[in-house]
Amino acid sequence: MTSNIRKGQAPAPLERAEFGMRFRASFVDPAFRAEDESIGRLEAIAWAAYHEGRKAPITRKAGPGYADPDYDLSVEWIETRERLERAQQVWADRSTKTRALVICGSPRNDGTCPGEISKTFRLANLVKDELADAQVEVDLLDLSLITSEYGRKIHPCKGCVSTAMPLCHWPCSCYPNHALDQIHDWMNELYERWVAAHAIVIVTPTHWYSTSSALKLMIDRLVCADGGNPDPTSTHGKKPEEAKALELKGWGYPKHLARRVYGLVVHGDVAGIEGSRRALSDWLDWMGLIDAGSQARLDRFIGYYEPYATSHDALDRDEAVQEETRNVARAVAQATAALRAGELDDAIAARPAPRPK
């Protein structure tokens with residue numbers, strides 16, 4: 001069985017003048033005018049990198065353990081991969097302290113345009129404090145940093161998996177792409193934080209019947225954790241024909257984040273909370289994570305049809321939703337302790353999948 005490579009969508013490369021305009025857009029501030037000649041020299045270097053497609057300018061031979069030891073792998077990718085391997089080893093060691101990743105999915109904070117903290121951040125801190133009381137080591141991931149911190153980015157998924165699963169590398173090798181100025185990719189750090197966690201708790205607002213764009217960026221970039229290829233040399237980088245051949249030969253679709261316990265807190269003010277919470281549950285279930293029970297899956301309205309201006313006051317009054325949020329943390333702590341002690345193994349034993357993907 002074979003599959004053709006379909007072509008014809010990619011735009012033409014930028015002309016030199018258009019490239020220059022885009023490059024110089026980062027230097028609009030008049031304070032840069034004293035360095036226009038220097039900027040021009042940097043632009044010439046950047047143009048050469050773009051024109052020659054120098055995606056990964058610093059590489060080394062893959063070495064033993066890879067399908068093609070002589071393939072030149074990105075040093076940045078190798079370093080990320082090595083960190084994930086170390087994190088996985090610590091995660092699997094039952095003598096280590098239980099760790100939880102608590103994710104604040106709101107893009108809002110008081111350090112930028114909104115001028116006020118998010119209710120999501122407050123709820124995430126309730127989870128964090130409750131887990132800490134249960135002797136769980138907590139890593140609080142605040143996704144609002146991508147809207148408020150210089151150079152902090154999560155680049156969008158390019159959909160490699162839909163060409164063929166082995167083309168989607170674990171961790172993602174699409175970024176950084178220095179030729180296209182697609183750098184400062186936060187996911188290289190976030191992959192490690194996910195791998196290191198025994199439990200994941202996502203706290204998110206509802207934006208237009210779904211999760212926030214900040215959270216969705218991270219979710220899409222985690223597709224490589226569900227079936228991704230840990231050996232880019234087996235596809236010699238991004239060779240679609242090689243990836244298709246590998247998948248059609250038979251691919252195992254490894255679940256790199258399986259057996260982490262999860263909890264969810266989804267809140268909103270008018271509509272969409274249930275669908276958003278269900279979509280997140282389905283996604284985490286699909287990836288092989290383990291829900292901590294009904295009390296760990298929460299969706300609630302806060303200040304239903306009330307003004308946005310008083311939404312924090314509505315949260316202050318709603319002591320029930322605060323306690324329900326703490327219950328999410330309690331359920332996650334209990335389930336994680338049981339899993340790590342080997343007390344849930346029989347209950348969650350995976351049945352053979354008739355259609356693995």
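I take contact to mean heavy atoms within 4.5 Å. Helices (H or I, at least four residues) and strands (E, at least two) are DSSP runs for me, numbered from the N terminus. Buried stands for under 20% relative accessible area, exposed for over 50%, and partly exposed for what is in between (1.4 Å probe, protein chains only).

**Ground rules.** This is a predicted model, so I kept local features to pLDDT of at least 70 and side-chain atom pairs to pLDDT 80 or more, while totals for chains, interfaces and linings use all residues. Residues are numbered from 1 along each chain as its sequence is written, and side-chain values use heavy atoms, with hydrogens and water left out.

**Entry 1: helix α6.** I began with α6, residues 187-196, and found it mostly covered, with seven of its ten residues buried. I noted the buried ones as M187, N188, L190, Y191, R193, W194 and V195. Which elements do the buried residues of α6 pack against? I listed the helices α3 (75-92), α7 (213-221) and α9 (273-286), plus the strands β3 (99-104), β4 (137-142) and β5 (199-205).

Entry 2: I then stepped back into the loop between α5 (145-148) and α6, where P171 lies. The peptide bond from W170 to P171 is cis, and I read its omega as near -5°.

**Entry 3: helix α4.** Does the length of α4 (residues 119-133) agree or disagree with its residue count? The expected span is 1.5 Å times one less than the number of residues. For the 15 residues of α4 that gives 21 Å, and the end C-alpha atoms are 21 Å apart, which agrees. I found K119, T120, L123, A124, N125, L126, V127, E130 and L131 buried in α4. Their cover includes β3, β4, β5, β6, α10 and α11 (319-340). After α4 comes Q135, which has a positive phi near 65°.

Entry 4: I looked up R259 in the loop between α8 (240-249) and β6 (261-268). R259 is not a glycine, yet its phi is positive at about 70°. Is R259 buried or partly exposed? It is partly exposed, with a relative accessible area of 34%. Y305 sits in the loop between β8 (297-301) and α10 (311-317). Y305, too, is a residue other than glycine with a positive phi, near 55°. At 60% relative accessibility, Y305 counts as exposed.

**Entry 5: the whole chain.** I counted eleven helices and eight strands in the chain. The C-alpha trace spans about 60 × 55 × 40 Å along its principal axes. For the radius of gyration I used C-alpha atoms and the globule rule of 2.2 Å times the number of residues to the power 0.38. With 357 residues, a compact globule would come out near 21 Å; the chain has 23 Å, which agrees. Of the 357 residues, 44% count as buried. Among contacts with a separation of 6 or more, 75% come from residues 24 or more positions apart.

**Entry 6: surface and charge.** I computed areas by the Shrake-Rupley method with a 1.4 Å probe; for residues, only the protein chains shown count as cover. The chain exposes about 18,900 Å², and carbon and sulfur atoms supply 53% of it. For charges I counted Lys and Arg as positive and Asp and Glu as negative, leaving out His and the chain ends. I placed each charge at NZ of Lys, CZ of Arg, CG of Asp or CD of Glu. That gave 45 positive and 51 negative side chains, with the centres of the two sets 5 Å apart.
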